[in-house]
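Please look at the sequence and the model below before reading on. The paragraphs that follow go through it one region at a time.

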Amino acid sequence: MKKFKGIELYLLDMDGTIYLENELIPGAREFIGTLIEKKKQYVFLTNNSSVNKNNYLNKLKGLGIPCGEENIFSSGMATGIFLSKHRKNARVYLVGTKALEEELLAYGVRLVQDDPEIVLVGFDRELNYQKLENACFFLDQGAEFLATNADYLYPLPNGRFLPDCASICWMLTKATGKEPFFIGKPNRYMIDLLREKNGLSPRQVAIIGDRLYTDIACGKNAGIVAALVLSGETKKEDLSVSPHRPDFVFSSVKQIIEEI
Ligand SMILES: [Mg+2]
């Protein structure tokens, strides 16, 4: 029997799953083509809160992957929804990029430079000490600590990497003793939003990704089907020592085509 029988919505990680930096993973285009042919829905789910959805649209289109705005969902967008639903009109101090700022403003989030109720940290590639000093002061004054995504590092080519959102948060946690609440993967919030929007049960949704502690953990937290691909960060030997157990393991999305 096909492993993905009954799955209507596919949530797809991008880097390490669909492409590696600027190169498509072999079979990825055919995989998306099969989803379209079988009338399945797909959404690219990304924890990267440093860029906005247009960056992803352009990148995916450039790689020949059919994609519209409705096919992209980032931790920054989820944070915008979270704030507008659960912290309506709250004053938010952002430690994040200009792109994230624009994304949040589009959701009506009230961004301030002074006296915030919330300090929100994203993957800030425009970080500086003034922002850190402000964040420390506001957290110390009692502001709530929220963050877009729980990734510690962001991989770059040639084995290099950057400190991602969780590493920035860790610095603030060490300084203030406060711990953040993370909205992106592995929190189930992004998945729940998409599942409810499409009126689907957990058994009708699958997540496919290359990271155990974000993609797979997120899928398991949300009670959906979670499939690991070994085309990115995770190696086969990492699996046996990880607490996160995928339902299925594939070498890449190419291997999934026959299971749809
Ligand atoms: Mg990935």
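The structure shown here is a predicted model. In this model, helix H5, residues 129-140, packs with helix H6, residues 165-176, at an angle of about 50°. H5 and H6 are therefore oblique to each other. Their axes lie 10 Å apart, and H5 passes H6 in a right-handed crossing.

Which residues of H5 and H6 meet? On the side of H5 they are Leu 132, Ala 135, Cys 136 and Leu 139. On the side of H6 they are Ile 168, Met 171, Leu 172, Ala 175 and Thr 176. By class, the residues of this contact comprise eight nonpolar, one polar and no charged.

A second pair of helices can be read in the same way. Helix H3 covers residues 75-86 and helix H4 covers residues 98-106. These two pack at an angle of about 40°, and their axes are 9 Å apart. H3 and H4 are therefore oblique to each other, and the crossing of H3 past H4 is right-handed. H3 brings Gly 76, Met 77, Thr 79, Gly 80 and Leu 83 to the contact, where they meet Leu 100, Glu 103 and Leu 104 of H4. The contact of H3 with H4 divides into four nonpolar, three polar and one charged residues.

With neighbours within four places in sequence left aside, Asn 52 is in contact with Ala 99, Glu 102 and Glu 103. Asn 52 itself sits in the loop between strand E4, residues 41-46, and helix H2, residues 53-62. Is Asn 52 buried or exposed? Asn 52 has a relative accessibility of 17% and therefore counts as buried, since the cut-off for buried is under 20%.

Asp 15, at 24% relative accessibility, counts as partly exposed.

Between strand E2, residues 19-20, and strand E3, residues 23-24, the loop holds Glu 21. The phi of Glu 21 is near 55°, which is a positive value in a residue other than glycine. Glu 21 has 28% relative accessibility and so counts as partly exposed.

Asp 115 lies in the loop between strand E7, residues 110-111, and strand E8, residues 118-121. Its phi is near 50°, again a positive value in a residue other than glycine. With a relative accessible area of 53%, Asp 115 is exposed, because exposed means over 50%.

Where is Pro 186 found? Pro 186 is in the loop between strand E12, residues 181-182, and helix H7, residues 189-197. The peptide bond that runs from Lys 185 to Pro 186 is cis, and its omega is near 10°.

Definitions and conventions
Residues are numbered from 1 along each chain as its sequence is written. This is a predicted model: local features need pLDDT of at least 70, side-chain atom pairs count only at pLDDT 80 or more; totals for chains, interfaces and linings use all residues. Side-chain values use heavy atoms; hydrogens and water are left out. Buried means under 20% relative accessible area, exposed over 50%, partly exposed in between (1.4 Å probe, protein chains only). Axes are lines fitted to C-alpha atoms, for helices over the stretch in contact, and angles run from 0 to 180 degrees between N-to-C directions. Helices (H or I, at least four residues) and strands (E, at least two) are DSSP runs, numbered from the N terminus. Angles under 35 degrees count as roughly parallel, over 145 as roughly antiparallel, 65 to 115 as roughly perpendicular and the rest as oblique. A crossing is left-handed if the near helix is turned anticlockwise from the far one by less than a right angle, and right-handed if clockwise. Contact means heavy atoms within 4.5 Å. Ala, Val, Leu, Ile, Met, Phe, Trp, Tyr, Cys and Pro count as nonpolar, Asp, Glu, Lys and Arg as charged, and the others, Gly among them, as polar.
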